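This report describes a helical packing arrangement and the charged pairs that go with it. Please keep the sequence and the structure in view while reading.

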Amino acid sequence: MNGIDKNDLDEVIAKTFNEVKTAVNTHSEKSIQMYSHALRALVELRQQILTEERVSS
């Protein structure tokens, strides 16, 4: 995945995780759903990057 910085992606994953925690603490169902979906997508993207790195090594 050219153009995606792993460190930037990791930072976004961490921030999104914190948003999920905040949404849970405030019992905001819509925010929980939104940030949970975003977090899943980001983690899947990170996994794809790791897989591509292993294949190309």
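Throughout, a residue is called buried when its relative accessible area is under 20%, exposed when it is over 50%, and partly exposed in between, with a 1.4 Å probe and protein chains only. By that scale Glu11, with a relative accessible area of 42%, is partly exposed. The model is predicted, so local features need pLDDT of at least 70 and side-chain atom pairs count only at pLDDT 80 or more, while totals for chains, interfaces and linings use all residues. Residues are numbered from 1 along each chain as its sequence is written, and side-chain values use heavy atoms, with hydrogens and water left out.

Helices are DSSP runs of H or I with at least four residues, numbered from the N terminus. H1 has 20 residues and spans 29 Å from its first C-alpha to its last, close to the 28 Å expected at 1.5 Å a residue, where the expected span is 1.5 Å times one less than the number of residues. Its buried residues are Leu9, Ile13, Thr16, Val20 and Ala23. Viewed down the axis of H1, these buried residues fall within an arc of 85 degrees, so they line one face of the helix; the arc is taken from the directions from the helix axis to the C-beta atoms. That buried side packs against H2, whereas the face turned away from it carries the exposed residues Asn7, Lys15 and Asn25.

The largest nonpolar core consists of 6 residues, namely Leu9, Ile13, Val20, Leu39, Leu42 and Ile49, and both helix H1 (6–25) and helix H2 (29–56) give two or more residues to it. Such a core is a set of buried Ala, Val, Leu, Ile, Met, Phe, Trp, Tyr and Cys residues joined through side-chain atoms within 4.5 Å. In soluble globular proteins, nonpolar side chains tend to be buried together.

Contacts (heavy atoms within 4.5 Å) show how individual residues take part. Leaving aside neighbours within four places in sequence, Ile13 touches Leu39, Leu42, Val43 and Arg46, while Val20, on the same terms, is in contact with Tyr35, Ser36 and Leu39. Val20 counts as buried at 13% relative accessibility.

**Salt bridges**

A salt bridge is a side-chain nitrogen of Lys or Arg within 4 Å of a carboxyl oxygen of Asp or Glu. A search of the whole structure finds 3 of them.

| Pair | N to O distance |
|---|---|
| Lys6 and Glu53 | 2.8 Å |
| Arg46 and Asp10 | 2.6 Å |
| Lys15 and Glu11 | 3.2 Å |

Lys6 lies in helix H1 and Glu53 in helix H2, so their pair ties together parts that are 47 residues apart in sequence. The salt bridge of Arg46 with Asp10 likewise links distant parts of the chain, with Arg46 in helix H2 and Asp10 in helix H1, 36 residues apart. Lys15 and Glu11, by contrast, both lie in helix H1, 4 residues apart, about one turn of the helix.

**The ends of H1**

At the start of H1, a side-chain oxygen of Asp5 comes within 2.9 Å of the backbone nitrogen of Asn7. In the loop between H1 and H2 sits His27, whose phi is near 60 degrees, a positive value in a residue other than glycine. His27 counts as exposed, at 69% relative accessibility.

Notes:
Polar contact = N/O pair within 3.5 Å; in protein donor to acceptor, adjacent residues only side chain to side chain.
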